[in-house]
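Please keep the structure open while reading.

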Amino acid sequence: MVSGGIALLFLLIAVLLIILFTAKFNMNAFVVLVTIAFFYGLAIGLPPGDVVGTIRSGFGGTLGYIGIVIIAGTIIGIVLEKTGAALSMTQAILKIVGKERSPLAMSVAGYVVSIPVFCDSGYVILTPLNKALAEETGKSMAVMAVALATGLYATHTLVPPTPGPIAAAGTLGADLGAVIGLGLIVSIPAMLAGYLWATKFASRYEIKAELQESYADLLEKYGKLPGAFHSFLPLLVPILLILLKSVAAYPSHPFGQGGFSSFIQFIGDPVTALMLGIFISLTLVKKDLRKESVSSWMGEGVKNAALILAITGAGGAFGAVLKASPMAEFINSNLSTLKLGIFLPFIISAALKTAQGSSTVAIITTSSIMAPLLSVLGLNPALTVLAIGAGAMVVSHANDSYFWVVSQFSGMEVSTSYKAYTSATLVEGLVAFVFVALLSIFI
């Protein structure tokens, strides 16, 4: 096998190849990651049979841990979208915040909706309401678009059950409850940074909403929406149960060591909690739609999860090959004195995100790279997931599909989107990382 220094050099070449093939040649990330895993394993001197075995075990082990959770979270998101529950949650937030602070309302709505729903889908779902509020309150669409987009982005990269953070938690062995709890803490200042950037900077650009429906027409089209409390339940119950499981696992045993503690750890397991979330979400479906819609919606959720599952498994395969290399030992003896600490996962993720566009691919690839280095660098797994998520915000531009969703649905020209929105993702990611770094001092 090659030396640790050569293995690290090959890793740098592998990362450059991942960027080249996914960004320039637009190849599927699953194919790229698995292919690079093969070549990296052979390049460092692993026997060919071991390379295949390592890739298989890495792929299967990652999906075995996190696959059901990703599918369940995606199904919940689809049901919340189709039943109008996402709009109901947004209305509830709007009533609390007030129409006069509609940009803040949309930031908070995006923050909540993007926990189970992809930010691209969430932006499309909430755009009609966003435009209607812009028209009704006289706000520029630049302000409303950036406020909504950054609110969605905050939880998309930081809070499970969004697939990226879930996959990173699985790869790094981080406690999912800790990732959720700390992610909620870090994502709030990140969201507020995006909101303030929208109101203070994006307000320079006056863009009139291209209104298709008024606020009243929009509500009439959806008909009777689910109640707000009912709409929040499919999100709140799984998150609360997962957090309780993490508390139950504390060394102090706050729930004791008997049957109640065992029950909490069972029902709070991410698989159990998210499956329960699916059944709670199904209570939102109107009776006359259940027979014809539920099966198709679940099928759509599974279909939407398939690509993420493939990429997640490929990231696990790549990470397993990296773990088999002598790279970690080399870093421990030669690079640990640089004290990059929590900054290393952030900068790797930010570089990958900016270069190839996908936040999810950046998160999964970076977590694969960091997995063998956690113990060497002495990093907290949960905080490492969040540092990676913060980096995966920096920056959204023309190679990111979300950039085009935001610009096209809001009516912003590309140049304006760069100035108002891309700059906002830079600020948001940096603020998120600052709070991760602060937490790392105390945790």
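## Basis of the model

Phe30 is found in helix 2. Helices here are DSSP runs (H or I, at least four residues; strands are E, at least two), numbered from the N terminus. This is a predicted model, where local features need pLDDT of at least 70, side-chain atom pairs count only at pLDDT 80 or more, and totals for chains, interfaces and linings use all residues. Residues are numbered from 1 along each chain as its sequence is written, and side-chain values use heavy atoms, with hydrogens and water left out.

## The nonpolar patch

Phe30 is partly exposed, at 30% relative accessible area. Buried means under 20% relative accessible area, exposed means over 50%, and partly exposed lies in between (1.4 Å probe, protein chains only). Phe30 belongs to a nonpolar surface patch with Ile6, Leu9, Leu12, Ile13, Leu17, Leu20, Phe25, Met27 and Val31. Together they have about 790 Å² of accessible area. Areas come from the Shrake-Rupley method with a 1.4 Å probe, and for residues only the protein chains shown count as cover. Patches take residues with over 30% relative accessible area and no salt bridge; nonpolar side chains (Val, Leu, Ile, Met, Phe, Trp, Tyr) are joined within 5 Å, like charges within 9 Å.

Helix 1 (4-24) and helix 2 (29-43) each supply at least two residues of the patch. Helix 1 gives the largest share, six residues.

## The loop between helix 1 and helix 2

Asn26 lies in this loop. Its phi is near 55°, a positive value in a residue other than glycine. Most residues other than glycine have a negative phi. Asn26 counts as exposed, at 65% relative accessibility.

## Salt bridges

The structure holds five salt bridges (a side-chain nitrogen of Lys or Arg within 4 Å of a carboxyl oxygen of Asp or Glu). One of them joins Lys99 and Glu136, with the closest N and O atoms 2.5 Å apart. This pair links distant parts of the chain: Lys99 sits in the loop between helix 4 (85-97) and helix 5 (102-113), Glu136 in helix 6 (residues 119-137), 37 residues apart. Lys99 is partly exposed at 32%. Glu136 is partly exposed at 45%.

Glu135 pairs with Lys208, the closest N and O atoms being 3.4 Å apart. Glu135 is in helix 6, while Lys208 is in the loop between helix 9 (176-200) and helix 10 (215-222), 73 residues apart. Glu135 is partly exposed at 35% relative accessibility, and Lys208 is exposed at 61%.

Lys353 and Asp400 meet in a salt bridge (2.7 Å, N to O). Lys353 is in helix 16, and Asp400 is in the loop between helix 19 (381-391) and helix 20 (401-410), 47 residues apart. Both Lys353 and Asp400 are buried.

Lys353 also takes part in the contact of helix 16 with helix 17 (contact means heavy atoms within 4.5 Å). The axes of helix 16 (residues 343-356) and helix 17 (residues 359-370) come within 9 Å and cross at roughly 145°. Axes are lines fitted to C-alpha atoms, for helices over the stretch in contact, with angles from 0 to 180 degrees between N-to-C directions. Residues of helix 17 in the contact include Val361, Thr365 and Ile369.

## Cis peptide bonds

Most peptide bonds are trans. The bond from Pro160 to Pro161 is cis, with omega near 15°. Pro161 lies in the loop between helix 7 (141-158) and helix 8 (163-172). The bond from Val394 to Val395 is also cis, with omega near -15°. Val395 lies in the loop between helix 19 and helix 20.
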